[in-house]
Structure formats: structure tokens, C-alpha cells
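This briefing covers charged contacts, a surface patch and backbone features of one model. Please read it alongside the structure.

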Amino acid sequence: MRGVSEREKHLPNYTLPELLRILHESRTIISMGAGEPDFSAPSPLLRYASSIVHKTSHYAPTQGLKELREAICKKLKKENKISTNTENIIVTTGSQEAIFASLITTTDPADNVLIPNPGYLAYYPAVELGGAKPVSYFLKEKDHFQPDPDEIKKLANKKTAGIIINSPSNPTGQVYSKKLLEEIADIARNKNIYIYSDEAYERLIYDDEKHISIASLNGMKDYVISLFTFSKSYAMCGFRIGYAVVPKKVSDPLMESSHFLTISAPHLGQLVAVKALSLPNRHIDRMVRAYDRRRKYLVKRLNKTGLITKMPKGAFYAFSNIRHITKKNSYDFSQDLLKKAKVAVVPGTEFGNHGEGFIRFSYATKLFLIKKALDRIEKYLK
Ligand SMILES: Cc1ncc(COP(=O)(O)O)c(C=O)c1O
């Protein structure tokens, strides 16, 4: 009997799907594992979606509705300082499709792609299922989980098609400075490789940090594939709308891959996305203020508990070092928290082997639940 492909067999064993199943069935566990906003999309978007749903039972154009790409183009110019035109924007089914489609479109089997470790868990499968080889660059706690440009320089060789960067970062919550992005941009230009810049959390940013899009830096337009989503900023995960902004030469081929993957991004989601871009900022600001309050509370208490945690500057994750309180590995410790403290977190190893010794907390969780979860964890640790 035939089995599954070698590519599939090579993928690491992810535990997140099992965790999600447990959470779905449990009434007692507090989940701090979620990778999506606990908010619903702003109410004007939900009302709008109900009023137009009857018009959306057909496919949309593969590249995305013209009106959406026009609105995105304006947003890119205003917020990301990226000047492009609608031809170079491809609307996708979440940014997850944009990640997969851009890797399929720009890598060959002999190529490698540099990925952050720890990094968002889809990068490894996206590179590998696309046929190329994922090669890790490491994000270290002592460097505040910032990439080391010298390491990237050393790893990038003739077979390197590109490098994936992610700021604000999942799972570390850290944000990359302009200086660091400039150094990475120099490497890409000198070595003639792509940068796949995953900016899913662009709007979720705290303190005085600024989100900078690497495609906005001088001379980078031909090297950067920027990946964005409506999922996190607008709490629109279920509408499944993301987009890629690409160099001109990549646009038609990427559209072709996208066509064969999904034909088109959801029609309803695209119309709601147009509306989202017309909303005043207060809808996002309200969610960011809530995340910010939770972030400060969570990180203070985690550090008091001995789960040493660098203050995250973006996204909604805290990445905690467990080494000061346990000799267990991340997976076993997470299992203990799940079974004995009834709190779900994600083991750091889910994001690559350099996540060992860490666990990820998501503060896309109501404040009263965060408080309760920490009470339970403290009690368990005592
Ligand atoms: C860093 C990062 N990129 C991309 C995605 C994919 O999100 P979506 O497909 O909803 O845009 C996620 C989801 O958690 C993420 O954390």
C-alpha cells in the first residue's frame, strides 16, 4: 500500500494541532496558546459582511479585486512607505498562502532558504514542501532575539534563494530596528538573494517602537517579497485575506502559483478588507491598548515567577525562559502546565530546536484569564 511523500515525512512533528484539539474539548483549561486575536473583527466590518454576503458566492479574480489592490496600494504608501502599483500586489488566502506561494514561485529543489529559529512554525514546512531546503539562523535570548547579520552573511551561499525575516516576531515578540534591517538589506543586495519579509503583526506594536518595512529601504524593491495580512490588525483571521507585494518580475508567476493553489482569495473577505482599510485607526488602537495592558501585566508576573521573559515590543506573544525553574524540556514542562496547572502554552521547540528551554504565552487572552492562569502556574510551581 502506498504511503505519504518523503517531503511530508521529513516535516518535524508538530504538537500544536493536538493541543488545539484538547483545548476545543476542554472547559477547564485556560488557553494562552492561541495565535489569533481573542477580539472579533470590528463591528462595522461584521455588519458590512452580513449585508453583502449574498453577492459573494462567486470566485474573485486571482490577483484580487482591483478596488482592494488600489486600497492596499494607498495603505502601503502611507503606512509602510512602500511605493508600488496594483500590478505588484497579489491578494491571497491569508498570508499563509502568500508565504507558501512566494516560496514555490521563487525556489528550486537545489536551493536553500534561511529561516529564523525559533521562528513561525509554517516557515520550515513552506520551504520544505516547496522543494527547497530550510537552513536555520538562530535568534538568541542574549541578543534580545535579534538576528545576527554576521551569521546570516556566513550562511548565505550560492544556493541561497532568500532569507525569511519576521518583525514583529512570532514567537519572540521582538521588533527589528532600522539599522538591523539595513544590514540585512545589504546582505541581500550583495548576495543577490530575496528577502521574504513577513509583517503579519505590523500594527501590533508597543512603547516607542516603530514598524519598518524592509521594502521601503533604498534600492530594495527588486529584492523584497513583503507578506501582509488582515488577520491580526483587524482580527479578521476567519475572513482569510492576506497579500504579497512583490518585485515586478515575480508578480505574474506568483499569481499563477496562487491560481493553482486556491483560484482566488475568498470574495467576501476581500470586500470586507476594502472596508477595513477605510476604517478609522481607533478600531485597531483599541485592541492594541488592551494587548499592551495585558503584555505589561503578564511579563511582570512571569518574571516574578521565575519564568524570565524579555519585554516583547510587538505581536501578542511572550517568550519565557524556563531554565531558571525547571530541568524539564519545553515539551514536558508545557505538558505539566497543561495537565497539572490547566494552562495551555506552546513549547518553544514548536518553533525550531533553538526554542528549547522556552515556552510561548499568547496574551491574545482576556486579562482576567491571564491573571487566573498565572495564579494557577504559581500554585503549581510552589
Ligand atoms: C508570523 C505569522 N505569519 C503568518 C501567519 C499566517 O496568518 P494568516 O494566514 O491568517 O494571515 C501567522 C499566523 O499566526 C503568523 O504568526
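In this predicted model, Arg-301 and Asp-375 form a salt bridge, with 2.7 Å between the closest N and O atoms. Arg-301 belongs to helix H11 and Asp-375 to helix H13, so the contact ties together parts that lie 74 residues apart in sequence. Arg-301 counts as buried because its relative accessibility, 13%, is under the 20% limit. Asp-375, with a relative accessible area of 42%, is partly exposed.

**Helix H11**

- Helix H11 covers residues 282-305, which makes 24 residues.
- From its first C-alpha to its last, H11 reaches 34 Å, close to the 34 Å expected at 1.5 Å a residue.
- Gly-306 follows H11 and has a positive phi, near 100°.

**Other salt bridges**

- The model has a count of 20 salt bridges, among them the pair Arg-301 and Asp-375 described above.
- Asp-38 and Lys-366 form a salt bridge in which the closest N and O atoms are 2.7 Å apart.
- This pair links distant parts of the chain, 328 residues apart. Asp-38 sits in the loop between strand S1 (30-31) and helix H3 (43-52), and Lys-366 in the loop between strand S13 (358-362) and helix H13 (367-381).
- Glu-18 and Arg-21 meet through their side chains in a salt bridge of 2.8 Å, N to O.
- Within helix H2 (residues 16-25), Glu-18 and Arg-21 are 3 residues apart, so about one helical turn separates them.
- An α-helix has 3.6 residues a turn, so residues three or four places apart point the same way.
- Glu-18 is partly exposed at 40% relative accessibility, and Arg-21 is partly exposed with a relative accessible area of 38%.
- A network of salt bridges links Asp-207, Asp-292, Arg-295, Lys-296 and Lys-313.

**Positive surface patch**

- Lys-78, Lys-81, Lys-178 and Lys-210 form a positive surface patch.
- Lys-210 is placed in the loop between strand S6 (194-198) and strand S7 (224-229).
- Lys-210 counts as exposed because its relative accessibility of 64% is over 50%.
- Lys-81, another member of the patch, is found in the loop between helix H4 (66-80) and strand S2 (89-93).
- With 57% relative accessibility, Lys-81 also counts as exposed.

**Lys-221 in the S6 to S7 loop**

- Lys-221 lies in the loop between S6 and S7, where Lys-210 is also found.
- The relative accessible area of Lys-221 is 48%, so this residue counts as partly exposed.
- A distance of 46 Å separates the C-alpha atoms of Lys-221 and Ile-29, which are 192 residues apart along the chain.

**Cis peptide bonds**

- The bond from Ser-167 to Pro-168 is a cis peptide bond, with omega near -10°.
- Pro-168 is in the loop between strand S5 (160-166) and helix H8 (178-191).
- From Asn-170 to Pro-171 the peptide bond is likewise cis, here with omega near 20°.
- Pro-171 is also in the loop between S5 and H8.

- Lys-81, a residue other than glycine, has a positive phi near 60°.
- Arg-240 is not a glycine either, yet its phi is positive at about 55°.
- The position of Arg-240 is in the loop between S7 and strand S8 (241-245).
- Arg-240 counts as partly exposed, with 31% relative accessibility.

How values were computed:
Residues numbered from 1 in each chain as written. Predicted model: local features only at pLDDT ≥ 70, side-chain atom pairs only at ≥ 80, totals over all residues. Heavy atoms only, no water. Patch = residues over 30% accessible without salt bridge, like charges linked within 9 Å, V, L, I, M, F, W, Y side chains within 5 Å. Areas by Shrake-Rupley, 256 points an atom, 1.4 Å probe, with all protein chains shown as cover. Salt bridge = Lys/Arg side-chain N within 4 Å of Asp/Glu carboxyl O. Lys, Arg positive; Asp, Glu negative; His and termini not counted. Charge placed at Lys NZ, Arg CZ, Asp CG, Glu CD. Helix = DSSP H or I, 4+ residues; strand = E, 2+ residues; numbered from the N terminus. Buried < 20%, exposed > 50% of the residue type's maximum accessible area, 1.4 Å probe, protein only. Expected span 1.5 Å × (residues − 1).
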